[in-house]
Amino acid sequence: MANQFIMPKQVIMGEHALYEAAELLKGLGKKALIVTDRVMVELGNVKVLEDVLEKEKVKYEIYDGITGEPTDRMVEAGLAAYKEASCDFLIALGGGSALDTMKAVAVLAVLGGKISDLMGKEIKADTAPMVAIPTTAGTGSEATQFTIIADTENDVKMLLKGADIMPSLAIVDPQFTMTAPPKITAATGLDALTHAAEAYTSKKANLLSDVFAISAVKRIFRYLPAAFRDGKDVEARVQMATAALEAGVAFNNASVTVVHGMSRPIGALFHVPHGISNAMLIKECFDFVLDGTYERFGELGRAIGAAGEQDSDRDAARAFLNAVEELCRTLEIPTLEEYGIDRELFFSSIGKMAEDAMISGSPSNTRKELNAEDLKNIYRRLWD
């Protein structure tokens with residue numbers, strides 16, 4: 001069976017990528033809406049982009065209202081800024097929240113209505129050009145046809161999809177990831193690992209997505225601890241930015257599975273950042289589904305050197321799981337309890353979380369058949 005493979009139209013990556021892309025920015029439109037947050041402004045990252053735009057005589061407006069994971073309200077505010085300033089293209093500079101908000105703004109600028117109207121639908125929209133400049137190495141949003149937006153009325157994180165929301169241009173410049181603190185580096189790095197490992201073990205995996213997924217997993221295990229220990233390690237930052245892009249391409253085409261399905265409800269109800277909730281779940285989720293495809297998890301174990309060719313698939317899969325657990329310890333990932341989540345409230349929410357996770361469709365991509373009761377059991381095991 002043939003597979004369609006979707007990637008960004010153009011990627012400029014490596015040191016000084018933003019300056020290399022300057023000419024391309026000039027050709028995208030007359031006025032850009034820069035979607036970002038106050039931290040990026042205060043760190044001087046937005047000024048770097050402003051200088052490039054001014055040199056190319058491109059006008060711009062700044063929307064710096066991203067205050068956490070993206071919500072429908074942030075999207076509405078961004079859309080208002082886009083319209084009021086008469087912008088004709090968008091640039092997102094920031095983590096996945098800025099990039100996902102940009103995509104949603106671009107869609108509503110064409111389709112109108114509310115972002116929640118699009119839940120469960122394939123997005124079709126002739127959007128304005130979008131430029132994604134990630135400042136974290138994790139979400140891979142610069143290379144995906146997805147955006148995750150919280151519906152604040154219903155406490156649901158919506159996974160919205162459509163090839164038309166793929167950025168026109170991805171600028172992956174490690175200078176912007178240097179400012180990410182260790183906790184953000186850890187959370188986003190493990191998000192990228194989850195993307196890659198889930199893409200490789202997904203029912204929808206294909207030959208091309210496998211290439212990107214395996215490469216990303218190997219790169220993350222090698223370089224994430226170094227980036228966590230020393231944020232100024234240029235080589236580690238370059239490699240992690242590459243891994244995040246690879247992982248994004250992989251899951252964009254093979255989708256994600258149980259970890260992401262169960263992570264989004266935790267984020268929606270308890271306001272845990274996406275990368276952290278993935279990291280909290282990854283061990284228990286993979287432990288539960290390992291026997292659905294020992295072969296694929298085993299290949300990941302061999303790829304990172306945790307197992308050899310002489311090891312059985314089952315042993316190699318277990319070795320991979322042990323390596324994931326050790327990496328989470330190295331990166332000081334908190335438990336739900338350590339994060340401050342109330343146990344009683346969490347347990348009373350398990351039914352809704354399991355239902356929302358199943359509705360998202362992600363768990364159904366897992367090679368092991370899962371139902372809502374299985375997910376409830378995994379949620380409970382997070383407290384063992």
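# Reading the labels in a predicted model

Author: Asp100 is buried, with a relative accessible area of 10%. This comes from a predicted model.

Reader: Why is Asp100 called buried?

Author: Set the value against the cut-off. Buried means under 20% relative accessible area. Asp100 has 10%, so it counts as buried.

Reader: Where is Asp100 found, and what does it touch?

Author: Asp100 is found in helix H6, residues 96-111. Leaving out residues up to four places away in sequence, Asp100 touches Pro70, Ser141, Phe146, Thr147, Ile148 and Ile149. Take Phe146: Asp100 and Phe146 are 46 residues apart in sequence, but their C-alpha atoms are 7.8 Å apart in space.

Reader: What makes Thr71 buried or exposed?

Author: Its value is 16% relative accessibility. The limit for buried is under 20%, so Thr71 counts as buried. Thr71 sits in the loop between strand E3 (59-63) and helix H5 (72-84). Beyond residues up to four places away in sequence, Thr71 touches Ile149, Ala150 and Thr152.

Reader: How do you know whether Ser202 is buried or exposed?

Author: The relative accessibility of Ser202 is 0%. That is under 20%, so Ser202 is buried. Ser202 lies in the loop between helix H7 (182-201) and H8. With residues up to four places away in sequence set aside, Ser202 touches Ala254, Ser255, Thr257, Asn365 and Arg367.

Reader: And Phe346: buried or exposed?

Author: Its relative accessible area is 0%, so Phe346 is buried. Phe346 belongs to helix H15. Not counting residues up to four places away in sequence, its contacts include Ile266, Phe270, Tyr379 and Trp383. Phe346 and Arg380 are 34 residues apart in sequence and 9.1 Å apart in space, C-alpha to C-alpha.

Reader: How do you know that the length of helix H10 agrees with its number of residues?

Author: Helix H10 covers residues 258-270. The expected span is 1.5 Å times one less than the number of residues.

Reader: What makes H10 mostly covered?

Author: Twelve of its 13 residues are buried. Among them are Val258, His260, Arg264, Ile266 and Phe270. The cover includes strand E6 (146-151), strand E7 (156-161), H7, helix H11 (274-289), helix H15 (343-360) and helix H16 (372-381). Just after H10, His271 takes a positive phi of about 55°.

Reader: What about Glu332: buried or exposed?

Author: The relative accessible area of Glu332 is 63%. Exposed means over 50%, so Glu332 is exposed. Glu332 is in the loop between helix H13 (313-330) and helix H14 (336-339). Glu332 is not a glycine, yet it has a positive phi of about 55°.

Reader: What makes H8 oblique to H12?

Author: The axes of H8 (residues 207-229) and H12 (residues 294-303) cross at roughly 45°. Roughly parallel would need an angle under 35 degrees, and roughly perpendicular 65 to 115. That makes H8 oblique to H12. Their axes come within 9 Å. The crossing of H8 and H12 is right-handed.

Reader: Which residues make the contact, and how do they divide by class?

Author: H8 gives Asp210, Ile214, Val217 and Lys218, and H12 gives Arg296, Leu300 and Ala303. They divide into four nonpolar, no polar and three charged. Asp, Lys and Arg count as charged, so Asp210, Lys218 and Arg296 take that label.

Methods:
Residues numbered from 1 in each chain as written. Predicted model: local features only at pLDDT ≥ 70, side-chain atom pairs only at ≥ 80, totals over all residues. Heavy atoms only, no water. Axes fitted to C-alpha atoms, helices over the stretch in contact; angles between N-to-C directions. Helix = DSSP H or I, 4+ residues; strand = E, 2+ residues; numbered from the N terminus. Parallel < 35°, antiparallel > 145°, perpendicular 65-115°, else oblique. Left-handed = near helix turned anticlockwise from the far one by under 90°. Contact = heavy atoms within 4.5 Å. Buried < 20%, exposed > 50% of the residue type's maximum accessible area, 1.4 Å probe, protein only.
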